[in-house]
Amino acid sequence: MHTRRNAMLVALGLATIAAIGPAIADMPGSKPFDPAAFDEALKSGKPILVEISAPWCPICKTQKPILGKLLAEPKYKDMAAFEIDFDTGKANVRKLGATDQSTLLVYKEGKEVGRSVGETQPEWIADLLDKAV
């Protein structure tokens, strides 16, 4: 009896993941940093956010839902958002001149126009993003 119930629960869980997985993938937020995609976004002049974060960083964990909510707003719909893992992406972190996790960088028309480190106030993060749009 328990084996049958467990199998049903597993099937239900898999069906739920299959149903909501694409929706989660389409949610606004930063994509893993890809140097070629970043360079292409710079050349196109579109607004860009680069988020340098670490999974162990409490400030980064606070920033993520704020950034997700902001990036879902219509005024940021054209913003390319990239995330660099502070621990595994050291070369890219150095290339951008960052020294800390929880660093946010924004670009407009191919040039860096703003940077913050350790910011968790939603309105101040929005002000930073506004510099790029």
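Which residues does threonine 103 touch, not counting residues up to four places away in sequence? Keep this question in mind as you look at these close-ups of a predicted model.

**View 1. Threonine 103 and its neighbours.** Threonine 103 touches Val50, Glu51, Ile52, Ala98, Arg115, Ser116 and Val117, leaving aside residues up to four places away in sequence. Its relative accessible area is 1%, and buried means under 20%, so threonine 103 counts as buried. The side chain of threonine 103 also reaches the backbone oxygen of aspartate 100, at 2.6 Å.

View 2. Helix α3 covers residues 58–71. Look along α3 for its buried residues: Cys60, Gln63, Ile66, Leu67, Gly68, Leu70 and Leu71. These buried residues pack against β2 (48–53), β3 (80–85), β4 and α5 (122–130).

**View 3. The largest nonpolar core.** This core holds 19 residues, and those touching the most other members are Phe38, Ile48, Val50, Ile52, Leu96 and Tyr107. Two or more residues come from each of α2 (35–44), β2, β3 and β4. Apart from this core lies another, of 15 residues, including Leu67, Leu70, Leu71 and Tyr76. In soluble globular proteins, nonpolar side chains tend to be buried together.

**View 4. Around tyrosine 107.** Among the contacts of tyrosine 107 are Phe38, Leu42, Ile48, Val50 and Leu96. Tyrosine 107 also touches Lys46, Pro47, Glu112, Val113 and Ala132.

Conventions:
Residues numbered from 1 in each chain as written. Predicted model: local features only at pLDDT ≥ 70, side-chain atom pairs only at ≥ 80, totals over all residues. Heavy atoms only, no water. Buried < 20%, exposed > 50% of the residue type's maximum accessible area, 1.4 Å probe, protein only. Polar contact = N/O pair within 3.5 Å; in protein donor to acceptor, adjacent residues only side chain to side chain. Contact = heavy atoms within 4.5 Å. Helix = DSSP H or I, 4+ residues; strand = E, 2+ residues; numbered from the N terminus. Expected span 1.5 Å × (residues − 1). Core = buried A, V, L, I, M, F, W, Y, C linked by side-chain atoms within 4.5 Å.
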